[in-house]
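Hi,

Here is the model I promised to send over. Have a look at it first, and then read my notes below.

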Amino acid sequence: MRRYAKGLTAARLGIYAFLLISAAFFLLPLYVMMITSLKGMPEIRQGNLLAPPGAPTIAAWIKAWSSACTGLSCDGIQVGFINSVTIMLPSVTMSIAAGALTGYALSLWRPRGGAFLFGTLMAVAFIPYQVFLFPVVRMFSFVGLNSSLPGIIIVHTVFGLPTMTLIFRNYFAGIPLELIKAARVDGAGFWRIFGAIMLPMAVPIIVVAVILQVTGIWNDFIFGLVFAGRENFPMTVQLNNIVNSSQGEREYNVEMAATMLTALVPLTVYFISGRWFVRGIAAGAVKG
Amino acid sequence: MAAGSRLAAQTALIPAMLIALVVYCGSTAWTIWVYMTSSRMLPTNNFVGLRQYEILFANERWLVSAQNLAVFGVLFIALALALGFFLAVLIDQRIRSEDLLRSIFLYPFSMSFIVTGLAWRWLLDPTLGIAKIAHEIGFEGVQFDWLVRQDRVIYTLVAAGIWHASGLVMAIMLSGLRGIDQEIWKATRIDGIPAWRTYIFVVIPMLKGSFATATILMATTVVRLYDLTVAMTNGGPGIASEVPAKFVMDNLFERQNIGLATAAATSMLITVVAIVAPLLYAQNRAAARASR
C-alpha cells in the first residue's frame, strides 16, 4: 500500500500545479491532432485550433485511410498499413530469434571470438546508420535484394541484432548455472538446453523484446525509405509522402487523421503493455 | 558430448559473426575507404586522402548542419534531463494518480519521429496553429512564427524533441530514485538539511548512472536525428534546419555525391566515438562501484 501525504500545503499545491501543467503540455499535441482530424476544412480555417469540433465527422479518417494521395497514387494510408504489417511480422520474429540464439551462445558457452562479437555489437548500437547505408545498399544490389520485401526484413534483422543480443545475453547470464550443469549431466546438449530450458524461462524477456521490436520497426522511417522500395513503403514513409507531397490546398484534417492512424499501433502497444514498456527501454538501454 | 555442444555453440554463432564481420566492420571500413577517394556518382578507387574532408568543411550546408546538431544536442539533452528529473522528483512525492501521470508523460516516446514532427508542425503552423490563437487573444506583438524563421527554427525541433523524450528520462530517473536507500532521507532530515539541498548534493551524485544512461540514449537519438527534421521542416526554411544525418542521405541518394556523403558519415562516426566512449566509461564505473 502506498501512503499519500496528508493535507494540502502550499508546497503540495505547487507540486500538483506543475504536474498538471506538464500533463497539459504532453497531451496538447495528441488533443490537437485528434480534434483537427474530426473537423471539416472550413472550420479549421476559421475556427480555433484548440476548440473541439462543432460537428464532429470521421470523413477525414475515411479519406486518410482509403483515398489520400501520396503523389504517385491515391489509395490512402491503408497501403502503408498493410506494408508495415507485412514488414513487421517476419522482421520481429527473425530479429528476436537471431538475438535469442546469439545471446544464449554468448552468455553460456564462451565461444571463440565471443568477446570480439560482443564488443562489435555494443559499438554498433551507438553508431549512426548513415555509416552503413552506402555499403549495404551496394551489397544488396549486388545480390539483387535492393528495394524488396526480403531486403527490408534482412535489414531490420541485421540492425536489430545488437540490442536483441544484448538483452538476451544479459537475461541468460542471470540464470543459475546449476540448472544448466544438471541438464548437461543428463546429457542435454547446446540445442536441447536452448529449447527445453532457456527459451521457456525467457518468456518475460521475449515479451520485452516483442514490445521493443514492434514499436521500433513500426516507427522506422530511414530503413523503409532506403531498402523497402516503392512497392513496400511502410506506413511512416507513406504518411510523410501524403503530407509532404500534397499539391494545392492542404487538408489538415486528412493529414492529422493519417498521422493518428500511423500512431495507433505503437500507442496501443504502449497502453496495453504498461510498465513492461518501461522495462523494455531499460533493458535495451543498460548496455553491457 | 561437451565437445559436440561447443561445436554447436560455435556453429550457432556463425550468422552473427558473419554479420559483424561483413556488415558492421566491412561497411564501416568501406565507408571510410570511399571517403578517401574522389567518388561522386559512382565509387572509384582514385585515392585522394583527406581532400573530401577539406571539401566537406568548406561546405556551408554541412557547417550549418553540424552547428544545428550541436545546438540541438546540447539544448535537447540538457532540457530533457532537467524536465525529466524534475518530473520524477515530483512524482516521487507520494502523489495521487501516479500511474496516470506517468503514462501521460511517457506516451510520446512510443510514437515515431515522423508522427511527432507532423503533430508539432501543425501545432506551430504560422497561420492556423498556436500563432492564430495568440493573435486572437491579443498577443499582437508576439510573433509565433519560429517554424518559418531561419534563426529560430532549430528551437522548434528542440521543443518537439523534449516532448518526445522527457518522459523516458522521467522513467529512468524514477527507477533510480526508488532505488535510493530510505535511510539517507531519515539521516538528512534529522540533520535538518532541506530537501532541495539533499537532492542536489546527495541524490543527484547517487544517480550518476541513471544520468549517464539517459544521456547515452538521447545522444544516440541526437546523432541519428533525421526523421524529425524531414517531417517537421525538411531542412528549411532554406537550409536553416539541416542536420548531418540528412546531409548524408541527401548526398547519397539525391545529389549523387558519394565521396562527400561518406566523408560526412565518417565525421559523424568520429563524433559519436568521442562522445559515447567517455559516457560508457562513466556508466560502467558507476555500475562497478554500485555492485562493490
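Before the counts, a word on terms: helices (H or I, at least four residues) and strands (E, at least two) are DSSP runs, numbered from the N terminus. On that basis, chain B has 14 helices and zero strands.

Some housekeeping: this is a predicted model, where local features need pLDDT of at least 70, side-chain atom pairs count only at pLDDT 80 or more, and totals for chains, interfaces and linings use all residues. Residues are numbered from 1 along each chain as its sequence is written, while chains are lettered from A and ligands numbered from 1 in the order in which they are written.

On confidence, the model scores ipTM 0.91 and pTM 0.90. The average pLDDT of chain B (the predictor's confidence in each residue, from 0 to 100) is 87, and 97% of the residues score at least 70.

**Chain B overall**

The C-alpha atoms of chain B fill a box of roughly 75 × 70 × 30 Å along the principal axes. Of the 292 residues in chain B, 43% are buried. Burial here is a neighbour count: a residue is buried if 20 or more other C-beta atoms lie within 10 Å of its own, exposed if 12 or fewer, and partly exposed in between, with C-beta atoms placed from the backbone. Two residues are in contact if their C-beta atoms, placed from the backbone, lie within 7 Å. Among the contacts in chain B with a separation of 6 or more, 72% are between residues 24 or more positions apart.

**Where the chains meet**

The contact between the chains takes 76 residues from chain A and 76 residues from chain B. On the chain B side, helix α2 (residues 14–35) gives the most, with 14 residues. By class, that side of chain B has 53 nonpolar, 17 polar and six charged residues. For the classes, Ala, Val, Leu, Ile, Met, Phe, Trp, Tyr, Cys and Pro count as nonpolar, Asp, Glu, Lys and Arg as charged, and the others, Gly among them, as polar.

B:Ser27 lies in this helix α2 of chain B. Why is B:Ser27 counted as buried? Because B:Ser27 has 21 C-beta neighbours inside 10 Å. Leaving aside neighbours within four places in sequence, B:Ser27 is in contact with A:Val131, A:Phe132, A:Pro135 and A:Val136.

**Helix α7 of chain A**

Helix α7 (residues 149–173) of chain A has 25 residues and reaches 35 Å from its first C-alpha to its last, close to the 36 Å expected at 1.5 Å a residue; the expected span is 1.5 Å times one less than the number of residues. There is a kink of about 45° at A:Leu161, shortly before the proline A:Pro162. The bend at a residue is the angle between axes fitted to the seven residues ending there and the seven starting there. α7(A) is mostly covered, with 21 of its 25 residues buried.

Most residues other than glycine have a negative phi. A:Ser147 has a positive phi of about 50° although it is not a glycine, and A:Ser147 sits in the loop between α6 (130–142) and α7 of chain A. A:Ser147 counts as partly exposed, with 17 C-beta neighbours inside 10 Å. A:Arg110 has a positive phi of about 40° and is not a glycine either. The loop between α4 (78–108) and α5 (114–124) of chain A holds A:Arg110, which is exposed, with 11 other C-beta atoms within 10 Å.

Cheers
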